[in-house]
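My notes follow in the order I took them.

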Amino acid sequence: MRFRDLQIEMAHGAGGKASRKLVEGLFAPLLFGAMPGPLGDSARVDINGTPVAITTDSFVVKPLTFPGGSIGELAVNGTVNDLAVSGAKAEALVVSYVLEAGLPTPILEAEVRAMAKAAREAGVRIAAGDTKVVEHGKADQMYITTTGIGRLIHGVNIDPASVRVGDKIILSGPIGDHGITILLARGELDLEADLSSDTRSVFPLVETLIRAAGPGVRWMRDPTRGGAATSLNELARDCGLGMVVFEDQIPVRDTVRGACELLGLDPLHIANEGQFLAVVSPEYADAAINALNLAPGGNEAQVIGEVREQPAGTVLVTTLYGGSRIVDMLVGDPLPRIC
Amino acid sequence: MRFVDEFREPELISKTAEEIRRLAGRERHYRMMEVCGGHTHAIYRFGLKDILPENIELIHGPGCPVCVLPMGRIDDGLAIAQEPDVIFAAFGDMMRVPGTQGSPLEHKARGMDVRIVYSPSDALKLARLNPDKHVMFFAIGFETTAPSTALTIMRAKAEGIQNFSVFCNHVTIIPAIRAILDSPDMRLDAFIGPGHVSTVIGCRPYEWIAENARKPIVVSGFEPLDILQSIVMLLQQMTAGECKVENQYKRVVPWEGNNAALKAMGEVFQLRPYFEWRGLGFISQSALKINDKYAEFDTEARFEVPGIRVTDPKAAQCGEVLKGVLKPHQCKLFGRECTPEHPIGALMVSSEGSCAAYYNYEHRKAAMGSLTSIA
Amino acid sequence: MCLAIPGKIVEISSDDHHSALVEVAGVRRRIDLGLLQEDKPIPGEWVLIHVGFAMSKISEQDAAEQMNTLRMLGEIDGAMQEVQGYGLEDVN
């Protein structure tokens with residue numbers, strides 16, 4: 001075990017550097033054995049020769065409901081998406097609820113209905129569940145954990161080691177919607193905007209991508225906590241190459257941009273719940289984008305960058321006028337600033 | 001975004017950079033200091049160093065109010081907020097700044113009531129909404145921010161709010177610039193002046209820099225074209241052998257400053273005889289304190305302040321980096337013991353501190369060699 | 001110390017003249033006009049916002065002038081270089 005921090009802090013759950021340290025330094029060595037290789041969004045398990053993908057995720061969200069969705073929806077789509085970007089179609093989910101004593105039943109009912117609806121829309125079965133209740137004051141009303149299994153789709157092999165110089169980086173749509181919606185919904189910053197979470201199952205778009213460009217798809221990830229910057233940094237580290245992103249190509253809604261400028265945030269660090277990143281070989285990149293743009297919900301997909309040799313292990317954002325900046329993973333959650 | 005996008009026009013940026021290369025020539029080496037942390041951040045964020053010629057060196061100045069805040073003051077503020085029923089309210093910038101017992105966010109994880117606010121008026125609103133608690137607003141910032149704190153305190157008094165106080169760490173920019181110019185290791189040719197501070201204090205306070213210290217200074221905006229145009233203006237001055245104060249940020253900065261803002265500051269604050277600046281030592285008449293008329297809103301008058309003093313580890317070379325004598329990566333601790341995850345010095349803590357900015361945006365670029373093939 | 005953003009005044013509060021609704025690319029927030037009491041802005045005007053307070057009015061004219069100066073950069077010098085090439089500088 002290489003994890004040296006004396007106690008667990010909030011930063012360890014934010015999806016950035018601190019989270020990575022905890023996972024790689026404590027969980028991986030103790031749970032996965034020596035040198036498990038790069039950690040992906042889900043694990044592959046072989047059951048009697050059939051490859052199955054399995055993943056789990058916990059959902060801790062304040063407020064529980066927000067424009068565009070609620071914790072229940074996130075809990076379904078989040079796990080479905082982790083499977084999707086691993087090249088798997090989610091077949092079934094199991095769900096675990098940790099509920100705070102005193103939680104009004106209508107709130108629980110609303111979330112369970114939201115989960116049922118999201119599951120129907122995503123074409124996934126919720127097969128089983130568990131509930132625990134903790135004392136008032138714990139669990140922020142409710143925590144939801146979902147575990148999902150799925151069948152790996154033929155014709156695609158997601159592996160950071162297969163990424164090559166010249167590969168294109170594709171983003172499925174505008175970033176920052178979810179994180180900024182949540183930030184505004186918390187009400188502490190007194191900002192208002194017509195913005196909603198982008199939570200949705202990305203499986204249909206992933207399937208479209210695989211059908212159009214399967215042999216060329218090297219890697220995919222859903223950029224949740226930590227944002228696109230974190231996902232790309234993880235890939236850069238795992239494959240040892242440089243991710244060069246063209247700033248003018250990154251799709252961002254005006255309102256998200258406005259909120260980020262106002263608060264001093266970078267859209268690349270903001271969480272998304274309905275987008276994915278893909279690295280596709282150059283021969284297949286055009287076919288990939290064309291197919292995505294024609295598919296429902298994929299019209300804003302675009303090539304945002306390419307893989308190069310330098311700067312190795314790093315994400316570099318470049319501008320049209322020749323300026324560039326390194327974009328690193330954040331330590332913890334992005335914080336608004338005034339300076 | 002209006003008044004933002006125009007000043008980020010790529011073609012015009014390239015053209016202005018070309019003009020800078022032409023004006024800068026090849027023989028002379030120019031050392032220009034941008035005083036304000038906001039400019040440091042902008043320079044890195046927009047990758048401006050990539051398009052400037054090699055003989056223009058940008059040196060990062062001490063205008064980062066988080067960076068110059070002594071750790072002891074954070075400890076003081078957090079110690080007061082340990083009292084039951086006190087809410088610690090501060091800007092996001094303060095939340096990860098480490099005190100000796102941890103940062104405000106770490107204290108929050110341990111149960112302290114810590115709130116991020118975007119405005120001092122949000123902190124006052126918290127006081128109205130929580131009448132049974134005391135809201136302590138940990139105020140930081142130069143003259144850009146101080147008037148807003150002052151107005152908020154005036155509003156609190158007018159409303160008769162009893163449960164609100166400000167722990168005041170506002171500092172002033174001119175003494176910091178003086179300290180830079182007085183520093184014996186300092187070799188500077190010109191200044192890129194702080195644009196937003198100047199919306200309050202105007203451009204007159206910089207006249208001594210041009211007249212006495214004989215350094216040109218251009219008060220600059222924060223978009224790429226603002227900063228580049230300011231560099232053009234400085235080069236034009238230096239080529240013509242001139243030495244004056246110029247206002248590049250005319251669309252926003254009035255030469256005479258903002259009278260209402262200055263009045264509000266004068267109404268609520270007085271100058272501290274001296275104040276400790278992290279990395280720079282004690283500087284006289286460089287910081288603001290809430291005056292007696294508004295003492296009921298002064299955290300230091302209402303609470304026992306421990307007055308903790310914390311010295312930085314000797315190996316940390318924050319002072320020299322702050323003064324622009326050393327570059328961030330030249331500090332022995334940079335990137336090793338001192339990183340954004342484990343900041344030892346203040347310059348690594350704030351995202352506009354030169355060390356953090358360099359670390360987050362820049363230092364791995366050195367491995368790349370030539371960047372001209374990027375765009 | 002200097003994150004300040006241009007925003008458009010959408011509405012001045014009727015019951016509190018210090019308060020206005022401002023919009024930045026579709027994001028709206030109440031801001032305090034207390035620092036601009038000597039030069040009150042009206043809806044439609046643009047102000048510079050810092051920590052929820054309007055610091056200054058933005059002059060469209062100055063902004064336009066600045067853009068003009070920038071666009072002309074290099075053109076005047078380019079013209080000068082051409083003229084010098086003709087050897088005309090001795091004429092005056």
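At what angle do helix H6 of chain B and helix H11 of chain B pack, and how far apart are their axes? I am working from a predicted model, so every value here is computed from it. I find H6(B), residues 146-159, and H11(B), residues 259-268, packed at about 60 degrees, with axes 8 Å apart. I note a left-handed crossing for H6(B) and H11(B).

Next I listed the residues of that contact. H6(B) brings Ala146(B), Pro147(B), Ala150(B), Leu151(B), Ile153(B) and Met154(B). H11(B) brings Ala261(B), Ala264(B), Met265(B), Glu267(B) and Val268(B). By class I get ten nonpolar residues, one charged and no polar. Spacing along a helix is worth a reminder: with 3.6 residues a turn in an α-helix, residues three or four places apart point the same way.

**Sheet of chain B**

I then traced the strands. What is the strand order in the open sheet of chain B? I read S2-S1-S7-S8-S9, five strands with parallel pairing. Strand S2 (56-63) and strand S9 (245-247) of chain B are at the edges with a single partner strand each, so one side of each has no neighbour in the sheet. On average, neighbouring strands are turned by 25 degrees against each other, direction ignored.

I checked one pair in detail. Strand S1(B), residues 30-36, pairs with S2(B) in the parallel sense over six bridges. Tyr30(B) is opposite Ile56(B) of S2(B). I also found helix H10(B), residues 224-239, packing on this sheet. H10(B) touches S1, S2, S7 (190-194), S8 (217-220) and S9 of chain B. The direction of H10(B) makes about 165 degrees with that of S8(B).

**Chain contacts of chain B**

How many residues of chain B are in contact with chain C? I get 46 from chain B, against 30 residues of chain C. Elements giving two or more residues to this side of chain B include H1 (10-24), H2 (37-45) and H5 (120-129), and also H6, H10 and H11. H1(B) gives the most, with five residues. The classes on this side of chain B are 22 nonpolar, 16 polar and eight charged.

**Helices of chain A**

Where is the kink in helix H1 of chain A centred? I place the centre on Val23(A), with a kink of about 30 degrees in H1(A), residues 17-32. Gly33(A) follows H1(A) and has a positive phi, near 85 degrees.

Last, I looked at H2(A), residues 71-84, and H3(A), residues 105-122. Their axes come within 7 Å and cross at roughly 35 degrees. The crossing of H2(A) past H3(A) is right-handed. Among the residues that meet, I noted Ile71(A), Val76(A) and Val80(A) in H2(A), and Val112(A), Met115(A) and Ala119(A) in H3(A). This contact has ten nonpolar, two polar and two charged residues.

Definitions and conventions:
Residues numbered from 1 in each chain as written. Chains lettered and ligands numbered in written order. Predicted model: local features only at pLDDT ≥ 70, side-chain atom pairs only at ≥ 80, totals over all residues. Axes fitted to C-alpha atoms, helices over the stretch in contact; angles between N-to-C directions. Helix = DSSP H or I, 4+ residues; strand = E, 2+ residues; numbered from the N terminus. Left-handed = near helix turned anticlockwise from the far one by under 90°. Contact = placed C-beta atoms within 7 Å. Nonpolar A, V, L, I, M, F, W, Y, C, P; charged D, E, K, R; others polar. Bend = angle between axes of the 7 residues up to and from the residue. Pairing = 2+ DSSP bridges.
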